[in-house]
Amino acid sequence: MKNLYKISLTSIFLLLAFTTSYAQNIEGVVTTTENTPLEAVNIVIKGTTSSTTSDSNGKFSINTKGKLPVTILVQYVGYKTTEIELDAIPATPLAVILKEENELVEVVVSSRRRIEKVQDVPIAISVITGKQAEQTGAFNVNRIKELVPSVQLYSSNPRNTGINIRSLGSPFGLTNDGIDPGVGFYVDGVYYARPAATTLDFIDVEQIEVLRGPQGSLFGKNTTSGAFNITTRKPSFTSGADFEVSYGNYNFLQAKASVTGALGKKVAGRLSFSGTQRDGLIDNVVTGRPTNTLNNQGIRGQLLWTPTENTNIILAADITTQRPDGYAQVVAGVAPTQRAAYRQFDAIIKDLNYQLPSLNAFDRKIDHDTPWRSGQDMGGISLNIDTKIGGGTLTSTTAWRFWNWDPSNDRDFTGLQVLAKSQNPTRQTQITQEVRYAGQLTSKLSGVAGVFFIDQTSQTDGTEESGNAQWRFAQSTTSPLWKTPGLFEGYGIKTDANIRASSAAVFGQLDWAITEKIHILPGLRYNFDKKDAHYARTTYGGLQTTDPALLALKKLVYSDQAFDSSTDNTDFSGNLTLTYKASDKINAYATYAKSYKPVGVNVAGLPTDAKGQPLLDLAVIKPEKVNHYEVGVKTSPFKNSIFNLALFNTEIKDFQTNVQAAELGVNRGYLANADKVRVRGAELDASFVFSQHLTVNAAATYTEGTYVKFTNAPLPLEETGAPVAYKDVSGTDLPGASRWAGSLGGELSDNARFFGNAGKIFLAIDSYARSEFSSSPSASKYLVVPGYAIFNARLGFRASQGLSVYFWGRNLLNKDYYEQLLPAGGNSGQYAGVIGDQRTYGVTLKYSL
């Protein structure tokens, strides 16, 4: 990491040193909205040390020292900072009007491929600015969920990460490469196919837009439950730089840097770096050192070329690495199963003279004997071209990306050598191309139309190997042959699994202004999807024998398996939205959307029948068919306020779910279809600026997620060993779905100066809470995550230019809580928890030029 720090920071300083601008005295007058002159206003040329103040008549003059273009910052305590970009010396003095800071900022978004106010968009959408994310410590999506309660993220490691919106998107549990995520993840228009991207740190983010509900006619990749639309800060022809460092307990260290400026008259660049380190939060009593560390580094570079005033071309490249000391889970409890008494977990470990290091998960102690490793590299390169044609913009986005995953896990969660190895390294690559046109077609008609293509391959070369305790956990009869020395030790499987998935689509949406207040927005999408998969595993090792009885026992643990599958399908989907803007303060909408998730293929092993043969009818699973209804209203009930409400109902036929099998050979579970599920609920978003000193924001969601019909669901953990293989769970709750979730925050501030800089001293408090939820595809009373609430706070000084400093604390009440519960491989009864972080605190220093 030190080398990456050195390379990144050296590159940043070189870019800062060599950025040049091509402009002498700029004059102006600063007044209030009531035309009152303002004295002692701070005027700064951004990215330089040049500054001045206004006189008693509000007049100022500042020397550009031969540099053009420049950005002028106009700052005054109690008023919003104004930025003015100048390409030439104005012929007349600038007239600068400063607005008081006690006004609600009108957020603009690009979700509909055009710049518009978020309150005018007929979509349930939450917006987190880059500054908000930084100030709240939300440096990845897992932290964003605390600000947007409709978002759920579950991660037992980066590969096994699922991101949901409104409790839909990814099947709960372990990830299977054979299905598409239902939540789209876009960074600067580039689609990221791997959900692992959500575990990595943000790099120089400008804004995060979270769209809720199906999005098929606006984005390249079809999504059934929502999308993250992330934009990073673009290169600027005006020099500027930001440097930030944070330090906290558990040796938390985070450094960020970004520099931008002109490299020529038509070329500008930006280079950004982010690095995060932290000691482990869970103690391994065997190794004597903490595990579950943070160790992330990322760098992103961009070049902007403006060949004409109507065309922008951005070439961007990024790479992020993650080298933590594992994502270890802690045994959270033991469930009695319906297996024979000798097959219960407590009986097994008694025979092996073993005890867990603690019976309380929140002692945060493990004794895992298999090393944890969760290394991943992700990166890529993209070319984005925007050119204005007629009344709109033609955009082309071309990208190549890769993801490398290098894991090692302890899937039995104990210090016993049950599974000596459990590792499935993967390499994924993708190529995407999107071309779209968005703009005003006639005086009453605007819209967007585009084509999208993605081709991705994923190759996994896995190993799973038994240890010297496997015989006792796998023992399924009272035959003494199970105790045969060395029968299972070193016995395992080598896996070769690959998938190639291609998708092509044509999509579009119109906005027809029937009247000034009433708009109709039809959208349509045609999609073609093709998936080819290969899976093969070969057994190896263990006791070499020709004894049929011993070979039969070995096959009860692992057996050879191979299958190929190829499938494709096409689909028409679409949506229809009606909006009515009753006034400038009330905007209502109603939406119906028909969406889908493409066909899926299993590439992680299949369960077997009584003869030990794979159930090949599960190799391909049907696509999801989605019907979605939503009504919402966006209001500004009084000045400087937002109060939005949405009601939704989503029904999915052939819901794609993940089944955690009792068979060890079914790595990461297998895919299946639930006949029908329904998710319905309500969401509220509110923001109030009560004065220039006090702001409050709140969000809440009620979600009712139900299996309407699922007759062949997997058995819950406590019913493992029952005489039946499946269970009817119709009418029960979907996994991961809390009935209630919400966030509440506020900030109290006052004007201040710190080292000569104008800014604000502030105290901010944020809270996040959710009710209990099932952590199993089939509801288990043992795998229910209790509800919890956490509180975070910040205190310090904030300035738009110069030095900012603040102290922060997360989970201030030191709440013990689980983020996920999951059974051990083989369903022997023990289950583990992904534990939320305990109390953390620290300080952040930031300097902006």
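The side chain of Asn292 comes within 2.6 Å of the backbone nitrogen of Ala328, in a model that is predicted. A polar contact here is a pair of N or O atoms within 3.5 Å; within protein, one must be able to donate a hydrogen and the other to accept it, and residues adjacent in sequence count only if both atoms are side-chain atoms.

So where does Asn292 sit? Look in the loop between β21 (289-291) and β22 (294-308). Asn292 has 16% relative accessibility, so it counts as buried (under 20% relative accessible area, with a 1.4 Å probe and protein chains only). Setting aside neighbours within four places in sequence, Asn292 is in contact with Arg278, Asp279, Gly280, Leu281 and Ile282, and also with Asp325, Gly326, Tyr327 and Ala328; contact means heavy atoms within 4.5 Å.

Now zoom out to the chain. Its secondary structure comes to six helices and 49 strands, taken as DSSP runs (H or I of at least four residues for helices, E of at least two for strands) numbered from the N terminus. The radius of gyration, over C-alpha atoms, is 28 Å, close to the 29 Å from the globule rule for 849 residues, so the chain is as compact as a globular protein of that length (the rule is 2.2 Å times the number of residues to the power 0.38). The C-alpha trace spans about 100 × 60 × 45 Å along its principal axes, and 59% of the 849 residues are buried.

A word on bookkeeping: residues are numbered from 1 along each chain as its sequence is written. Local features need pLDDT of at least 70 and side-chain atom pairs 80 or more, while totals for chains, interfaces and linings use all residues, and side-chain values use heavy atoms, without hydrogens and water.

Technical notes: Buried < 20%, exposed > 50% of the residue type's maximum accessible area, 1.4 Å probe, protein only.
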